[in-house]
Amino acid sequence: MAKTQYYTATSIDGFIADERNSLDWLFEVDEGTQNPFGEFFAGVGAFAMGATTYEWVLENDNLLDEPQNWHDMYGDVPCWVFTHRDLPPVPDANVFMISGDVRRVHEAMMVAAQGKNVWLAGGGDLVAQFAAQGLLDEIILGIAPAVLGTGTPLLKHRLRVDELILTGVREVGQFAYLTYAVGDVARLGRHLAAETATVIPANF
């Protein structure tokens, strides 16, 4: 079943960018020889990001002058950018500038994804809107060995213990990758685990 996923890197104390909205600290971390993002993105059929994230990508990857960089990273996978201001589009990229209710856009993204996953690239404010509507199924965190103290929060939405269940742990370079099922998916996992516990004898 296709999932809506929040895949991002974060500091140990839960910030995805520093107080200057910079990711310079992140690029100092050894990623190792594997490429977990490439593996992840192969399963993505549509994705979304907020205006601040889009502007950072534009500048960091020099996309207006070198639009091929976008195509090298994301191919023709459609992207929805949530914004209330005019932003320059990446030339020839499959990007839609939109605003409004995330549920309506999520429906369009699921159709466009054609059975593949939907990726919420960030930031935390945008992902919080999806989480509040019950549209977030999975969180994948690449936790970097850094403590920023302040900056852009990972997610501005409260998720209770019963709304999260750890489904994966992986070490890649200096990153610790944690995967969590969210919301109804997590509750179903806990329910199935509880049922299994009642079936298997305690002294098994």
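Glutamine 114 is exposed, with a relative accessible area of 72% (exposed means over 50%, buried under 20% and partly exposed in between, for a 1.4 Å probe and protein chains only). Phi of glutamine 114 is near 50°, a positive value in a residue other than glycine. The residue lies in the loop between helix H4 (102–113) and strand E6; helices (H or I, at least four residues) and strands (E, at least two) are DSSP runs, numbered from the N terminus.

The model is predicted, and local features need pLDDT of at least 70, side-chain atom pairs count only at pLDDT 80 or more, and totals for chains, interfaces and linings use all residues. Residues are numbered from 1 along each chain as its sequence is written, and side-chain values use heavy atoms, with hydrogens and water left out.

The UniProt record, an unreviewed entry, places the feature "domain: Bacterial bifunctional deaminase-reductase C-terminal" at residues 6–173; positions follow the numbering used here, feature names are shortened, and annotations may be inferred rather than shown by experiment. Over residues 6–173 the chain is 26% helix and 27% strand, with the end C-alpha atoms 21 Å apart.

A positive phi of about 50° is also assigned to asparagine 62, although it is not a glycine. Asparagine 62 is found in the loop between H2 and H3 and counts as partly exposed at 30% relative accessibility. Glycine 75 occupies the loop between helix H3 (68–74) and strand E4 (79–82) and is partly exposed, with a relative accessible area of 27%. Its C-alpha atom is separated by 21 Å from that of alanine 9, 66 residues apart along the chain.

Glycine 122 and glycine 123 are joined by a cis peptide bond, with omega about 5°. Glycine 123 is in the loop between strand E6 (117–122) and H5. In helix H5 (residues 124–132), the buried residues are Gly124, Leu126, Val127, Ala128, Phe130 and Ala131. Just after H5, glycine 134 takes a positive phi of about 75°.

Helix H2 (residues 51–60) supplies the largest share of the lining, six residues. The lining divides into 25 nonpolar, 18 polar and five charged residues (Ala, Val, Leu, Ile, Met, Phe, Trp, Tyr, Cys and Pro count as nonpolar, Asp, Glu, Lys and Arg as charged, and the others, Gly among them, as polar).
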